[in-house]
Amino acid sequence: MKIAVYPGSFDPITLGHLNIIRRASRIFDKVYVAVMVNSAKNPLFTLEERMEFISRTTARFGNVVADCSDKLLVSYARDVGASVIVKGLRAVSDFELEYQMALANKKLAPEIETVFLTSSEKYSYLSSSIVKEMARYHADLSAFVPCEILEDFNRMVEERSNLK
Ligand code: ADP
């Protein structure tokens, strides 16, 4: 069984992420979408909220599992029996850091391959940060955020910006 891990912050999951997940779910038998704890980022949503958003939007795929981890990515991949790490590449600007991480991970775990899926053209500019910024200005986000979470996402952004 070919198992893959798709790691990220997913704060929140966007249609760009979902496009990569859908394609990965066709290539691999099982895909773990793993919310990784990143001390350098200050997320708007809790780990549980981000995982729940992922579960809700990926339930229809059948072979996708939402999970989270505070471990090193390759340790997490080994724990779940994954032999592949999936990454989405949006633009050349993503490449340098992703290339560096892929090489470092290869050194740490030579048996695990990093596979890059090119972002679909229509989502190549999309990021979780842009989506959060636009939500603060009440923009229509139906072309960017999965419909299953759109209402909750807008409400939660609104509640959290009122607290600031
Ligand atoms: P973001 O930059 O949106 O905060 P994450 O840390 O959640 O992204 O990203 C997780 C993975 O998803 C990374 O491999 C990233 O390159 C990829 N990704 C993010 N947004 C997109 C998109 N719009 N299209 C394709 N891949 C994406």
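Where is His138 found? His138 sits in the loop between H5 and H6. Helices here are DSSP runs of H or I with at least four residues, strands are runs of E with at least two, and both are numbered from the N terminus.

Before going on, a word on the model. This is a predicted model, in which local features need pLDDT of at least 70, side-chain atom pairs count only at pLDDT 80 or more, and totals for chains, interfaces and linings use all residues. Residues are numbered from 1 along each chain as its sequence is written, and side-chain values use heavy atoms, with hydrogens and water left out.

Back to His138. Its phi is near 55°, a positive value in a residue other than glycine. Most residues other than glycine have a negative phi, and most peptide bonds are trans. His138 counts as exposed because its relative accessibility is 60%. The cut-offs are these: buried is under 20% relative accessible area, exposed is over 50%, and partly exposed is in between, with a 1.4 Å probe and protein chains only.

Now the loop between S1 and H1. Phe10 is found there, and Phe10 also has a positive phi, of about 50°, although it is not a glycine. Phe10 has 2% relative accessibility, so it counts as buried. Pro12 lies in the loop between S1 and H1 as well. The peptide bond that joins Asp11 and Pro12 is cis, with omega at about 5°.

Next, the aromatic rings. A pair of aromatic rings is described by the distance of the centres and the angle of the planes. Rings of Phe, Tyr and Trp (its six-membered ring) pair if their centres lie within 6.5 Å; planes under 30 degrees apart are stacked, over 60 edge-to-face, and the rest tilted. The structure holds five such pairs. One of them is Tyr6 with Phe10, edge-to-face, at 5.2 Å centre to centre and 70° between the planes. Both of these residues, Tyr6 and Phe10, are buried. Phe45 and Phe53 have ring centres 5.4 Å apart and planes at 65°, so that pair is edge-to-face. Phe45 and Phe53 are both buried. Ring pairs link Phe45, Phe53 and Phe153 into a cluster.

Tyr6 and Phe153 come up again in the nonpolar core. A core is a set of buried Ala, Val, Leu, Ile, Met, Phe, Trp, Tyr and Cys residues joined through side-chain atoms within 4.5 Å. The largest one has 35 residues, and those with the most contacts inside it are Tyr6, Val33, Val86, Leu141, Val145 and Phe153. Elements that give two or more residues to this core include S1, strand S2 (30-36), helix H2 (47-58) and helix H6 (147-162). Apart from it lies another core, of 14 residues, among them Val5, Val74, Val80 and Ala82. In soluble globular proteins, nonpolar side chains tend to be buried together.

Not counting residues up to four places away in sequence, Val86 touches residues including Ala4, Val5, Tyr6, Ile20, Val115 and Leu117.

Which residues lie nearest the centre of the largest pocket? They are Pro7, Gly8, Ser9, Lys41 and Glu98, out of 39 lining residues. On a 1 Å grid over the protein atoms alone, a pocket is an open set of points where a 1.4 Å probe fits, with protein on both sides within 12 Å along at least five of seven lines, and lining residues have an atom within 4 Å of a point. The space in the largest pocket is about 1,200 Å³, where a volume is the space filled by probe spheres set on grid points joined across faces, edges and corners. H4 gives the largest share of the lining, seven residues. By type, the lining has 15 nonpolar, 15 polar and nine charged residues. Nonpolar here is Ala, Val, Leu, Ile, Met, Phe, Trp, Tyr, Cys and Pro; charged is Asp, Glu, Lys and Arg; the others, Gly among them, are polar.

Last, two single residues. Asn105 is in helix H4, and counts as buried because its relative accessibility is 14%. Met1 lies in the segment before S1, and at 71% relative accessibility Met1 counts as exposed. Met1 and Tyr123 are 122 residues apart in sequence and 30 Å apart in space, C-alpha to C-alpha.

Terms used:
Contact means heavy atoms within 4.5 Å.
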